[in-house]
Each structure stands twice: as C-alpha cells, then as structure tokens.
Amino acid sequence: MSESYRLIDDDPAVWGSIQLKSKNDVALEVTDSQLEAIKQHLASLKDRSYEDLTNADFHCPELDALVSTVRYHLQQGRGVVVLKGFPRDTFSDYALSQLFWGIGIGLGRPVVQNAQGDRIGHVRNEKVNPNNRGYMSNRELGFHSDAFEIVGLMCLSGSASGGLNQVVSGLAVYNQLVREKPELLDALFEGYFYATAERAVSDRPFTSYKIPVFSRMSGRVSSMCLGAYIRAAAKLQGEPLPAPIDAGLTAFYDICNRPEFRLEFMLEPGEILFLNNYTTLHSRTEFQDDENHQRHLLRIWLELSEGRPVVSALRARGHDYEQLFVEKHISNTVS
C-alpha cells in the first residue's frame with residue numbers, strides 16, 4: 001500500500017442496518033403548516049411549467065425550514081432522507097412535479113441528466129430505450145452512485161410487484177475494507193475510466209480521466225461507484241480490467257450486498273427519496289407492472305454550490321452529461 005488508511009469514526013454518514021433499520025429511521029414527516037403552505041403555493045402556480053419556476057415561487061418560512069432540514073440531513077447527517085406526508089390523492093402528477101422541482105431548486109441547481117437535456121427524468125419501464133439506460137427499464141439495478149452530489153426520486157405510482165429500494169453507506173464500505181482488505185484501497189482510490197450509456201455513440205465513448213471509487217479532500221473521504229461503467233470502459237479499450245481494480249470492485253460490491261450494510265424499503269406514492277451520491281450508493285430490485293400498476297418515479301440531479309469537498313473527477317462525471325447535451329445540440333444545429 002502506498003499510504004496508511006484509517007477508519008472514519010467522526011462522520012454520521014457512516015452507518016449500517018443496526019443504525020438504520022427501516023424507512024422510519026430516515027423519514028422526515030411534512031408538518032401540517034408546511035403542507036398547507038405547499039398547497040397554497042401550488043394553487044397559485046396553475047399551469048406554469050416547472051422549469052419556469054424559481055426559488056421565489058417556493059419562498060416562505062415553512063418551506064424554507066423544510067428544505068433546510070433536508071439539506072442538513074444530506075450534508076451533515078446520514079446522507080439519506082425520505083420525505084413523507086404528501087397525500088397522493090390531493091396532488092396531480094403535474095402539481096407533484098412542480099413541488100419536486102421547487103424543493104430541488106431550494107437545495108441546489110437542477111442539472112441535465114441525459115442527451116435530451118431533461119432536468120427531471122422519468123424512472124419507468126419504457127418501450128423505447130435506445131441507450132439502454134437502467135432507469136428506463138424494469139431490470140434490477142445494482143448498487144451505484146448517480147452523477148452530481150444529490151439525487152432525488154419522487155414516487156408517483158408503484159409497480160404490481162418488486163421495485164424495492166436499497167441504500168448503503170459508501171463510507172461504511174470503506175471502513176470495512178480498511179478492516180478486511182486494506183491492500184485493495186490503493187486501486188480504488190486511483191479509480192478507472194467510465195463508459196456511460198449516453199456516450200456510447202459519441203466520439204468520446206469513455207472518459208479521458210479516471211474516477212475514483214474512494215477519494216479524500218479536505219480530510220474527508222467520499223465515495224462514488226458505478227461498476228458497470230468501469231467494466232464497459234475496459235471492454236471499449238480492448239483490454240481486461242486491471243487486476244487490482246477488478247479485485248477491489250469485487251470486494252466493494254461483496255460488502256455492499258451484505259444484509260448488515262443495507263437499508264431496504266419501498267418508496268410509496270407521494271414520498272420523495274433524497275440521497276447524497278458522495279456518501280451513499282443505491283440499488284433497486286427488478287419490478288413488474290400490470291394494467292393497473294405502472295411504476296413511475298421522477299428523478300432530479302442537483303449540484304450544490306457549497307457541497308461536500310470532493311476531487312474534480314467526481315464533479316467532472318456529472319458535468320459530462322451537460323457537455324454531451326451541448327455537443328448534441330450543436331450537432332443538430334449544424335446539420
């Protein structure tokens with residue numbers, strides 16, 4: 001090993017199933033006054049597009065307090081929050097998208113998450129999925145980190161079966177590797193290139209820089225991992241994944257999938273899940289829809305102006321989605 005790795009013992013974002021046993025342990029219930037303020041704001045917005053809304057449209061003491069509490073839990077706490085208390089039969093899908101956007105812009109800057117320029121994505125099983133994006137399928141999704149610091153998921157409707165949400169603390173996984181296999185951490189701190197599904201048909205199908213699984217900035221360890229993109233990058237380069245990072249990823253995911261590290265729950269209609277991508281990873285079990293039940297979640301990615309200090313590669317991964325959108329827009333304009 002090139003350096004000595006120490007356990008993280010002072011970060012609330014280090015947790016396991018002993019600390020977080022159920023959704024109730026990360027739930028934040030909206031108060032009656034907050035709910036009433038939200039209803040009044042949404043009633044005044046009428047048919048305005050959510051992307052036209054600004055902080056001023058959601059600015060009041062009740063909502064400010066709610067957003068502030070969510071931000072605290074994401075940045076100073078466990079890194080995972082489930083907002084509850086929005087009666088699904090009270091709000092239309094359109095109103096909920098406005099609400100989701102309003103809370104999002106209170107936390108940070110909503111960013112592009114695909115080549116089409118969407119800043120709110122639809123997580124559901126799509127019949128047309130040209131880039132084979134996982135969130136547009138019903139297949140099981142292994143543990144991964146989304147781009148940018150915060151990801152939000154609002155449940156509009158549930159599936160007929162399946163679709164269980166799972167969350168792990170990447171920092172707890174780091175601690176376990178320090179205990180069990182510290183010799184693998186050098187490779188995980190070095191990281192590897194990413195080949196995203198969106199960039200598969202571009203002239204730069206994988207990153208020119210390595211994205212570390214673990215990194216340290218200002219004395220704080222952060223995590224980020226999407227193993228499928230790492231392995232895809234090695235395949236595109238026509239070479240086997242280097243043995244050290246291969247072994248590191250295998251050990252990393254072995255720990256992620258241990259029951260004592262997982263928080264599992266079903267996100268119900270009207271609930272919102274927020275996660276810090278720099279401290280947690282999430283997954284989803286396979287789901288099945290039927291005629292009366294089609295799973296549909298809204299997704300938002302948020303960049304924070306004063307977020308967790310992280311190495312530049314973690315931020316670059318997110319900005320690459322925005323760059324790809326710009327490249328596609330320029331290409332379409334020229335053609």
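By class, 20 nonpolar, 11 polar and nine charged residues make up the lining of the largest pocket; here Ala, Val, Leu, Ile, Met, Phe, Trp, Tyr, Cys and Pro count as nonpolar, Asp, Glu, Lys and Arg as charged, and the others, Gly among them, as polar. The model is a predicted one, in which local features need pLDDT of at least 70 and side-chain atom pairs count only at pLDDT 80 or more, while totals for chains, interfaces and linings use all residues. Residues are numbered from 1 along each chain as its sequence is written, and side-chain values use heavy atoms, with hydrogens and water left out.

The space in this largest pocket comes to about 740 Å³. Among its 40 lining residues, Gly134, Arg139, Leu141, Leu226 and Tyr229 are the closest to the centre. A pocket is an open set of points on a 1 Å grid over the protein atoms alone, with protein on both sides within 12 Å along at least five of seven lines; a cavity is a set where a 1.4 Å probe fits but cannot get out, and lining residues have an atom within 4 Å of a point. Grid points are joined across faces, edges and corners, and a volume is the space filled by probe spheres set on the points. At least two lining residues come from each of strand 5, strand 6, helix 6, strand 13 (280-284), strand 15 (296-303) and helix 8 (312-334). Helix 6 gives the most, with six residues.

Just after the helix, glycine 238 takes a positive phi of about 70 degrees.

Most residues other than glycine have a negative phi. Phenylalanine 148, however, has a positive phi near 65 degrees. This phenylalanine lies in the loop between strand 5 (141-144) and strand 6 (150-157), and counts as buried because its relative accessibility is 2%. At 61% relative accessibility, serine 218 counts as exposed.

Turning to the chain as a whole, there are eight helices and 15 strands; helices (H or I, at least four residues) and strands (E, at least two) are DSSP runs, numbered from the N terminus. The radius of gyration is 20 Å, close to the 20 Å that the globule rule gives for 335 residues, so the chain is as compact as a globular protein of that length. This radius is taken over C-alpha atoms, and the rule is 2.2 Å times the number of residues to the power 0.38. Buried residues make up 55% of the 335 residues.

Technical notes
Buried < 20%, exposed > 50% of the residue type's maximum accessible area, 1.4 Å probe, protein only.
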